[in-house]
Amino acid sequence: MSHTVVKAYGTESAEAELKQLQINRRAVTEKDIEIDILYCGVCHSDLHFARNDWGMTQYPVVPGHEIVGKVTQIGSGVSKHKIGDIVAVGCLVDSCRTCKNCKDDLEQYCPEWVGTYGGYDKHLDTNTHGGYSETIVVGEAFVLSVPKNLDLAGIAPVLCAGITTWSPLRHWNVGEDSKVAVIGLGGLGHMAIKLAVALGADVTLFSRSTNKIEDAKALGTHQVIISTDESEMEKVLGKFDMIIDTVPYEHDLNPYIGTLNTNGTLVVVGYLGPLDPMVMTVPLIMGRKSVAGSLIGGIAETQELLDFCGKHNITSDVEVINMQEINTAYERMLKSDVKYRFVIDMKSLKS
Ligand SMILES: NC(=O)c1ccc[n+]([C@@H]2O[C@H](COP(=O)([O-])OP(=O)(O)OC[C@H]3O[C@@H](n4cnc5c(N)ncnc54)[C@H](OP(=O)(O)O)[C@@H]3O)[C@@H](O)[C@H]2O)c1
Ligand SMILES: [Zn+2]
Ligand SMILES: [Zn+2]
């Protein structure tokens, strides 16, 4: 099918740094929207994927699934957005739209969901390419509306870091009576805190770092527990209804399970893979506790979150970078040296 060639940033192997590439974007079809990308957030998943941490990457990879931009073209059948609108695209650009999950607004669990990058682009018969690029073409069903009152760089991380923590908060009915803990103060963690606080919950942060205590309090956290300090962990035994675990690498869940109350749930969103040590079942059985997982969120739920952020004036705390700084940003992200999300100003790729 006809296409345009645009500038992007990506990598051709797990070992190589990201560099400027050229990619194809399909011509707009009847239900498509072309978006001039203004900002794109930098998720730890971008780094995992570029470096093949999950063993499933096909190259070349153009990461980026926290996209905010302006509509520049629409197909003849598009009714939801018009040229000039500010819109957003998150981690999904398509799904089968007919299975039970799709009908239930859970497109992220559709067996045929198409990731914004690393998925299969049936139009061009290539990998899908993400937001580290000048433009993107997406079907209108997967394009979201952005509240007008929010900073555009700050809203980008809501599209992944926000929805990945919002979806479990909503699924497990977090509200004013809830005691919630968040493990890890990074991109996902800081959004989890802001959203749980806005829902009225009592929020605790588990962090490895004593130097994040003041920031966590400024984000609205009621308590910070240094997870490497056993006496601190003992203070919160049996306390939480729900824990959102954002840690990206292998770690021991058992000390955290002890801090759940009866019926409490620890929701893993950060780490993909086997656990060592394994989870001990006795504390689960003795308190009807659960360990669960959760993947991003559906399209309707993401729009619900964007609207919630508009109403409560919530954006991410961002450090805006140029596209050319992405390799340094990845190294800094690995050292948790970012407060609390890098967002790329895509003007820098165009110049
Ligand atoms: N399930 C989903 O749908 C979904 C969606 C998006 C992202 N993810 C995944 O979620 C994870 C977090 O992403 P992110 O963008 O928030 O990453 P991030 O900004 O790097 O934050 C991760 C935080 O985890 C803590 N941490 C890092 N390494 C650790 C280790 N070895 N042991 C213990 N704690 C550690 C750090 O907090 P402290 O310094 O406070 O301890 C760090 O700030 C990534 O693996 C990403 O791929 C999943
Ligand atoms: Zn992400
Ligand atoms: Zn489906």
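## Conventions

Helices (H or I, at least four residues) and strands (E, at least two) are DSSP runs, numbered from the N terminus. This is a predicted model, in which local features need pLDDT of at least 70 and side-chain atom pairs count only at pLDDT 80 or more, while totals for chains, interfaces and linings use all residues. Residues are numbered from 1 along each chain as its sequence is written, and chains are lettered from A and ligands numbered from 1 in the order in which they are written.

## Domains and their contact

The chain falls into domain 1 (3–160 + 297–350) and domain 2 (161–293), with bounds that come from an automatic or database domain assignment. Taken over C-alpha atoms, the centres of domain 1 and domain 2 are 27 Å apart.

Between them, 20 residues of domain 1 are in contact with 18 residues of domain 2, where two residues count as in contact if their C-beta atoms, placed from the backbone, lie within 7 Å. On the side of domain 1 that touches domain 2, helix 10 (residues 299–312) provides the largest share, four residues. By class, that side of domain 1 has nine nonpolar, seven polar and four charged residues; here Ala, Val, Leu, Ile, Met, Phe, Trp, Tyr, Cys and Pro count as nonpolar, Asp, Glu, Lys and Arg as charged, and the others, Gly among them, as polar.

## Packing around helix 4

Helix 4 (residues 161–171) packs against helix 5 (residues 187–198) at an angle of about 50°, with their axes 8 Å apart; axes are lines fitted to C-alpha atoms, for helices over the stretch in contact, and angles run from 0 to 180 degrees between N-to-C directions. Helix 4 and helix 5 are therefore oblique to each other, given that angles under 35 degrees count as roughly parallel, over 145 as roughly antiparallel, 65 to 115 as roughly perpendicular and the rest as oblique. Among the residues making this contact are Trp-166 and Leu-169 of helix 4 and Leu-188, Met-191 and Leu-195 of helix 5. The contact of helix 4 with helix 5 has eight nonpolar, four polar and no charged residues.

Helix 4 also packs with helix 10, at an angle of about 100° and with their axes 10 Å apart, so helix 4 and helix 10 are roughly perpendicular to each other. In this pair, Gly-162, Ile-163, Trp-166, Ser-167 and Arg-170 of helix 4 meet Glu-301, Thr-302 and Leu-305 of helix 10, a set that divides into three nonpolar, three polar and two charged residues.

## Backbone geometry

Most residues other than glycine have a negative phi, and most peptide bonds are trans. Asn-52, which is not a glycine, has a positive phi of about 55° and lies in the loop between helix 1 and strand 4. Pro-60 is placed in the loop between helix 1 and strand 4 (67–74), and the peptide bond from Tyr-59 to Pro-60 is cis, with omega near 0°.

A cis peptide bond also joins Lys-339 and Tyr-340, with omega about -20°. Tyr-340 is found in the loop between helix 11 (326–334) and strand 19 (341–345).
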